[in-house]
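This note collects comments on the model shown below.

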Amino acid sequence: MFIREGTERKLDRNRMENFYYAAIYDIIPEPVSYTHKIATLKKLRAKIIRLNGTFHQKTMLDTEEYDKTLGETPSLHHIIKSRKRQTSRTIKRIRDEHDRIHSTSTGIIQAFKMHYNDKFKSIQIDVTKAQQILNCELRTIPVGSNEALEAPITLSEIRSAIDKGKSHKAPGKDGIGLEFYKSEWETIKTDLLQIFNSMYIDGTILENQLKGIIVCIPKHVNPVTFADYRPLTLMNTDYKILTRIIVARLRQVLADMIHPHQYCGIPGKTVFDAVADVRDAIAQAEILQKPLCILSIDFSAAFDKISHEYLYMVLEAHGISASF
């Protein structure tokens, strides 16, 4: 519905613009007074400017905060910068893993498709070995925590998840942005509650809701290989709202599951706490004159290399219910 509405608005704008220009060409040869002709042309010019002004408002959504002032209307500067960004993001050629260069649209799309199919394919694991790894007396969540995790979603949780979302973000496949959920909250909240609980409790999530659009953003000028692009997946807003609700619930039990020396994602802790621990360890080693080795490990594209099956096994080992 949203995609169709957007298409219809674009067609209406094009038809209106063509109508105004046709009116200009019609008024010029007409045998009317010069004063009347100038007044009519000025009116048509103003309508065209107003029409394009509304159309170019979307340019401001793709403009950095430092490059615009509050209430500023799109100018030639913003339009030129927007077109430059579009040009820079257009993929003109790509070199695949076999060192072949693809420069046609079909070839580029196919190369990216094969690359991401391989990159994001399901990761197989040895279940027996994974169970041996997890058989190490992991900390489990308190008794009764699963009841809170599995409880039906409330309106306040949905509203909080919507408010935490950032405005002016690109929508997913359905074309519905977060602004719709914010502006129409009073109208749709009852239906949303029913829909989200149907998704959460019954697991009735449509295939289209799980699909995302991968947008490849160049990391630097003149990208050539897949590694030169940062893939961003645009998911549907309703899917992201449900994700925020699940994350908020899981955060309530993280402290009971994770080791005290884990800092990332733990409420009340930051990376600076980890830096402070390292600093104190170094100071203690210097005072006690004891040898100390600090090892820093950084995994390349770590999230792409984690098996979902193993993640579920880890959650289960921490006492999280299968339904959650």
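1. Gln110 is partly exposed at a relative accessible area of 39%, where buried means under 20% relative accessible area, exposed over 50% and partly exposed in between (1.4 Å probe, protein chains only). Gln110 belongs to helix α5, residues 105-119; helices (H or I, at least four residues) and strands (E, at least two) are DSSP runs, numbered from the N terminus. Between the C-alpha atoms of Gln110 and Gly203, which are 93 residues apart along the chain, the separation is 33 Å.

2. On provenance, this is a predicted model, in which local features need pLDDT of at least 70 and side-chain atom pairs count only at pLDDT 80 or more, while totals for chains, interfaces and linings use all residues. Residues are numbered from 1 along each chain as its sequence is written, and side-chain values use heavy atoms, with hydrogens and water left out.

3. Lys119 also has its place in helix α5. Its relative accessible area of 30% makes Lys119 partly exposed. Leaving out residues up to four places away in sequence, Lys119 touches Ala301 and Asp304, contact being defined as heavy atoms within 4.5 Å. The C-alpha atoms of Lys119 and Val253 are separated by 32 Å, and these two residues are 134 residues apart along the chain.

4. Phi of Ala301 is positive, near 50°, although the residue is not a glycine. Most residues other than glycine have a negative phi. Ala301 is located in the loop between α12 (271-288) and α13 (308-317), and with a relative accessible area of 35% Ala301 is partly exposed.

5. Where is His168 found? The residue sits in the loop between α8 and α9 (178-183). His168, which is not a glycine, has a positive phi of about 60°. His168 counts as exposed because its relative accessibility is 53%.

6. The next point concerns helix packing. Two packed helices are described by the angle between their axes and the distance between the axes. Here axes are lines fitted to C-alpha atoms, for helices over the stretch in contact, and angles run from 0 to 180 degrees between N-to-C directions. For helix α8 (residues 155-164) and helix α10 (residues 185-201), the axes come within 10 Å and cross at roughly 115°. That makes α8 roughly perpendicular to α10; angles under 35 degrees count as roughly parallel, over 145 as roughly antiparallel, 65 to 115 as roughly perpendicular and the rest as oblique. The α8 and α10 crossing is right-handed, meaning that the near helix is turned clockwise from the far one by less than a right angle, with anticlockwise giving a left-handed crossing.

7. Which residues of α8 meet α10? Leu155, Ile158, Arg159 and Ile162 in α8 meet a set in α10 made up of Trp185, Lys189, Leu192, Leu193 and Phe196. The contact of α8 with α10 has seven nonpolar, no polar and two charged residues; Ala, Val, Leu, Ile, Met, Phe, Trp, Tyr, Cys and Pro count as nonpolar, Asp, Glu, Lys and Arg as charged, and the others, Gly among them, as polar.

8. Helix α10 also packs against helix α11 (residues 237-257), at an angle of about 65° and with the axes 11 Å apart. This crossing of α10 and α11 is right-handed. On the α10 side, Phe196, Met199 and Tyr200 meet Asp238, Ile241, Leu242, Ile246 and Arg249 in α11. By class, that contact has six nonpolar, no polar and two charged residues.

9. Asn197 lies in helix α10 and is buried, because its relative accessible area is 16%. Apart from neighbours within four places in sequence, Asn197 is in contact with Pro152, Ile153 and Asp202.

10. Helix α6 (residues 127-134) and α13 pack at an angle of about 35°, their axes lying 11 Å apart. Their crossing is right-handed. Val127, Ala130, Gln131, Ile133 and Leu134 in α6 meet Glu309, Tyr310, Met313, Val314 and Ala317 in α13. Of the residues in this contact, eight are nonpolar, one is polar and one is charged.

11. How many disulfides does the structure hold? There are zero, a disulfide being a pair of cysteine sulfur atoms within 2.5 Å.
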